[in-house]
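Work through the exercises below with the sequence and the structure in view, and try each task before reading its solution.

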Amino acid sequence: MSDSRYLYVMISQTDTAIAQFIRTLSRYPYNHVSMTLDPELRTWCSFARYHQDAPFYSGFIKEPVERFLAKTGDAHVRIFRLSLSREKARRIEQLFLQAGRKETRLIYNYFDAIASLMNLKIAISGSYTCLSFACAVIGRQYKHIKDLNNALEPQLYYEGSLADLVPDSGSREDAYFQPIGFLQGNWHSAKQLALVTGRFLRHRRGDYVDQKLHSTVR
């Protein structure tokens, strides 16, 4: 990963009930955004659920490609490749390493996810959706995945079957596949919601990713 000088941005059709609901409301075939510096394209970074059976317990995650392939065996994707300076690649790599740590406390922005369905945006410090995190990393702002897709069209690297590009290893060791249970999942979801609500009420609007990347990279 450290030798890569490209950021890969993937928009995808995920196979959960919530994803299908989002696509129905948005009338757009893609609902999820992931990023990686890995030229093998096997592990992606995003904001989404931690466990398959806890749809609202979400935050920064590392997504092995098996997450996308396990249920139906495939996913239709569009992957864009953005050229980076070595310094920018290093900083993004560090961001991806730090984002999942408890002390960093980057959590899912439930308010922004709901607002986006009404063509609105609610920015909260240290809180992101998959789209707002990608926007923060690349230094551009878009309200919808469609807008991101259109803007990155010149950098299109691949479109089609994810399984044809990166085969399923068969591994199901990622935490996503480990059941957490209804009660525990909802308990954690409530705690996350309380945390992001507190940040919203305290009007914490600073952008963590922008501070780590774009304010110091030239």
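A residue counts as buried under 20% relative accessible area, as exposed over 50%, and as partly exposed in between. The model is predicted.

**Exercise 1.** Determine whether Phe 111 and Phe 200 are buried, exposed or partly exposed.

*Solution.* Begin with Phe 111, whose relative accessibility is 24%; because this value lies between the cut-offs of 20% and 50%, Phe 111 counts as partly exposed. Continue with Phe 200, which has a relative accessible area of 26% and is therefore partly exposed.

**Exercise 2.** Classify the ring pair of Phe 96 and Phe 133, and state where in the chain its two members lie.

*Solution.* The structure holds 13 aromatic pairs, and in this one the ring centres are 6.3 Å apart while the planes stand at 45 degrees, so the pair is tilted. Next, locate the partners: Phe 96 belongs to helix α3 (residues 86–98) and Phe 133 to helix α5 (residues 130–138), so that the pair links distant parts of the chain, 37 residues apart. Finally, consider burial: Phe 96 is buried at 2% relative accessibility, and Phe 133 is buried at 1%.

**Exercise 3.** Describe how strands β3 and β4 are arranged.

*Solution.* First, note that β3 (residues 43–51) pairs with β4 (residues 54–64) in the antiparallel sense over eight bridges. As an example of a bridge, Ser 46 has Ile 61 in β4 as its partner. Lastly, seven of the nine residues of β3 are buried.

Terms used. Residues are numbered from 1 along each chain as its sequence is written. This is a predicted model: local features need pLDDT of at least 70, side-chain atom pairs count only at pLDDT 80 or more; totals for chains, interfaces and linings use all residues. Side-chain values use heavy atoms; hydrogens and water are left out. Buried means under 20% relative accessible area, exposed over 50%, partly exposed in between (1.4 Å probe, protein chains only). Helices (H or I, at least four residues) and strands (E, at least two) are DSSP runs, numbered from the N terminus. Two strands pair if DSSP finds at least two bridges between them. Rings of Phe, Tyr and Trp (its six-membered ring) pair if their centres lie within 6.5 Å; planes under 30 degrees apart count as stacked, over 60 as edge-to-face and the rest as tilted.
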